[in-house]
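Welcome! Have the sequence and the 3D view ready as you read.

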Amino acid sequence: MLTSLQNPLVKEIRKLHAAKERHEKQLFLLEGTHLVSEACAVGYPLETVCYTAQWQERYPELWQEVSQSALREQIVTPEVLKAIATTVQPDGVVAVAKRLQMPFPTVPTSLALGLETIQDPGNLGTTIRTAAAAGATGLWVSADSVDLDHPKVLRASAGQWFRLPMATGENLKSLVQSCQQQGMQAIATVPDAKLTYWEIDWNQPGLILLGNEGAGLSADLVALADRQVRIPLSPGVESLNVAIAAALILYEARRQRQRREF
């Protein structure tokens, strides 16, 4: 059992709390039983898994999966686990995994999201969770957004992080143009647009463009879009949380597509 906070493994995992270290080492943290379970369910490779004796006793089946798939497993004291976790009350397990580029769909029958300059990890994680639930086939974020594998993004995604193809786009303009060339309509969300989001035909392949609440979408992306839509707001309300905005549009698209099936 690992008991020392000065152990080299503890120090190396703690470094991954910083984005710079995650980028340099191409590793990230999975914290909590649910995320580790989802990773195992889809076969996502785990490098190192640290867990307490109490966690091992409570989740014997998951522990068996972890012990068979992880390159290294290490039982630790609760104090050590708390030291390597970013959460205040970790539930007994922390894993280290490699950053992998998930394959992104290229067939123009998809409903995808393009997110620009999203800074709040909770918003991004919730958007990922919502996109997966609504049947979206992929999600891009701009390079100046919060990291896709930020610990809070992973937790807010409630495990759906592993089930939705995602990528960081170095140049969202080029990505939008590429989608359009494949037959997808690019729909920009703009506060003063003439069309509401339910006036769009979402039976066509679509790329939904959303910006952060403060600045919204850049003028360049708005100009590239095929259509502009707004979400009606009551007087005095300036904007919606980006995850809520995404949910409204995604589920309208889902409603239209399911209606067409029947």
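In which sense do strand E2 (residues 46-51) and E3 pair, and over how many bridges? They pair in the parallel sense, over four bridges. Please keep in mind that this is a predicted model.

## The open sheet

To place that pair, step back to its sheet. Four strands form an open sheet here, in the order E1-E4-E2-E3, and the pairing is mixed. At the edges lie strand E1 (27-31) and strand E3 (72-75), each of which pairs on one side only. On average, neighbouring strands of this sheet are turned by 15° against each other, direction ignored.

## Strand E10 and its partners

Now move along to strand E10 (residues 206-211). Strand E5 (residues 111-116) pairs with E10 in the parallel sense, over six bridges. Strand E8 (residues 185-189) also runs parallel to E10, and four bridges join the two.

## How enclosed is E10?

Six of the six residues of E10 are buried, so this strand is largely enclosed by the rest of the structure. Both faces are covered: on one side Gly206, Ile208 and Leu210 are buried, and on the other Leu207, Leu209 and Gly211 are buried as well.

Note on methods:
Residues numbered from 1 in each chain as written. Predicted model: local features only at pLDDT ≥ 70, side-chain atom pairs only at ≥ 80, totals over all residues. Heavy atoms only, no water. Buried < 20%, exposed > 50% of the residue type's maximum accessible area, 1.4 Å probe, protein only. Pairing = 2+ DSSP bridges. Axes fitted to C-alpha atoms, helices over the stretch in contact; angles between N-to-C directions.
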